[in-house]
Amino acid sequence: MSITVNYLAVLVAAIVSFVLGMIWHGPLFGKAWNEARGVTPEMMEKGKKEMPRFLAVVFVSLFVVAWGLAVIAGYTHLVTLMQGLKLGLMAWFAFALTVGAVDGMMATGRRMPQFLISTGSWLVTFVVSGIIVSCWH
Amino acid sequence: MTFQPNYLAVVVAALVGFFLGWIWYTPLFGKQWMAARGITEQQIADGQKNMARNMIGVAVGILIMAWALGVLASYLHLATWMQGLKLGALAWFGFAFAIGLIDSVMTPGRKVTAFYIDAAYWLITLVAMGIILSVWQ
C-alpha cells in the first residue's frame, strides 16, 4: 500500500495558503488579530528582525499541512473539487478547530477573538489546500 | 462510499486521550507548562469556576478527533496496531504539530517549552487513539 504525493501541488498549495494567510492576518484582520494577541506596534517594530525566521516557520507548517492532506487524498483516491473541499472541511473540523479550541480553553487573556481569527484562517488554508492536492495529482 | 466507525471504540479512544491529558498536564508537566505559558497560581484559582466548561470543551475536541481517526481507519480498512500508529503519527505531524507550531510562534510571551509539551501530548494521544481505532473496528 503505497501512494505518490505530487510535491509540486503540495508546494503550490502551501504558497497559495501562505499568500491567503498574509492577506488574512494583514489587511483583513491584522488590527483585530494584534489586539487579541496583545501585540503593540512597538512589539511589531522590535520583532521586525525575527520576521524572516517566523515566516519561514509558518511556510514550513503550511507545507506540512498540505502534505498531510495530499497523503490522505492519495489513500482515499480523491480527484474532484468537491471531494477536495470535503476533505479540507473534515480535516479542519477534526484537527485544526479542535487543536485551536483545546489550546484556547487552556490559555488566558482575550481568547475568543484570537481563536476565531486563527481558526478562520485555518479553514481557508485547509479547504484551499484540500482542493489543490485533490484535483492536481 | 460508506464507512461506519465503531462508536464504542471512538468513545473509549477519546476517554484514553482525555485521561492522558490529565496525567500529562497535572502530575507530569503541569508546573513546567504553566511556567512556559506564563500562567500563575492566582490565574488558576481565578479560573476555577470556568474549569468545568473548559474541560468539557477539551473533551469534545478530543472526541471529534477520535471520530475523524475512526472514520479514516474504517475507510482505509486499517486493522493492525502498526497501521494505527502510522495514522496517528500522520494526523499528528500533518495537523496537530503544524498548527501548534504556528500558534506558538504567533503568541507573544509563550516559551517554546509550552510548544514541546503540547506537541508531545498530541503525539501520544493521536497515536494511542489511532491504534485503538484501527485494532478495534
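This is a predicted model: local features need pLDDT of at least 70, side-chain atom pairs count only at pLDDT 80 or more; totals for chains, interfaces and linings use all residues.
**Exercise 1. Describe the overall make-up of chain A.**

Solution. Begin with the secondary structure, which in chain A comes to 6 helices and 0 strands, so that the order of elements from the N terminus reads α-α-α-α-α-α. Next take the extent of the C-alpha trace, which spans about 50 × 30 × 25 Å along its principal axes. Then turn to burial, where 35% of the 137 residues of chain A count as buried. Finally, consider the contacts in chain A with a separation of 6 or more, of which 85% are accounted for by residues 24 or more positions apart.

**Exercise 2. Decide whether B:Leu15 is buried, partly exposed or exposed.**

Solution. Locate the residue first: B:Leu15 lies in helix H1 of chain B, residues 7–28. A residue is buried with 20 or more C-beta neighbours within 10 Å and exposed with 12 or fewer. B:Leu15 has 15 such neighbours inside 10 Å, and therefore counts as partly exposed. A separate distance involves B:Ala66, which is 51 residues away along the chain, while its C-alpha atom is separated from that of B:Leu15 by 9.5 Å.

**Exercise 3. Classify the packing of H4(B) against H6(B) by angle, and list the residues that make the contact.**

Solution. The axes of H4(B) and of H6(B), residues 112–135, come within 9 Å and cross at roughly 45°. That angle makes H4(B) oblique to H6(B), and the crossing is right-handed. From H4(B) the contact draws on B:Met65, B:Ala66, B:Leu69, B:Gly70 and B:Ala73, while H6(B) supplies B:Met129, B:Gly130, B:Leu133 and B:Ser134. By class, these residues divide into 6 nonpolar, 3 polar and no charged.

**Exercise 4. Characterise the side of chain B that touches chain A, and then the contact of H5(A) with H5(B).**

Solution. Start with the totals: 26 residues of chain B are in contact with 31 residues of chain A. On the side of chain B, H4 (51–75) and H5 each supply at least two residues, and H5(B) gives the most, with 13 residues. That side has 18 nonpolar, 7 polar and 1 charged residues.

Now take the helix pair, in which the axes of H5(A) and H5(B) come within 10 Å and cross at roughly 40°. The angle makes H5(A) oblique to H5(B), and H5(A) passes H5(B) in a right-handed crossing. H5(A) contributes A:Ala91, A:Phe95, A:Ala96, A:Val99, A:Gly100 and A:Asp103, and H5(B) contributes B:Ala91, B:Phe95, B:Ala96, B:Ile99, B:Gly100 and B:Asp103. The residues of this contact divide into 8 nonpolar, 2 polar and 2 charged.

Note on methods. Residues are numbered from 1 along each chain as its sequence is written. Chains are lettered from A and ligands numbered from 1 in the order in which they are written. Two residues are in contact if their C-beta atoms, placed from the backbone, lie within 7 Å. Helices (H or I, at least four residues) and strands (E, at least two) are DSSP runs, numbered from the N terminus. Ala, Val, Leu, Ile, Met, Phe, Trp, Tyr, Cys and Pro count as nonpolar, Asp, Glu, Lys and Arg as charged, and the others, Gly among them, as polar. Axes are lines fitted to C-alpha atoms, for helices over the stretch in contact, and angles run from 0 to 180 degrees between N-to-C directions. Angles under 35 degrees count as roughly parallel, over 145 as roughly antiparallel, 65 to 115 as roughly perpendicular and the rest as oblique. A crossing is left-handed if the near helix is turned anticlockwise from the far one by less than a right angle, and right-handed if clockwise.
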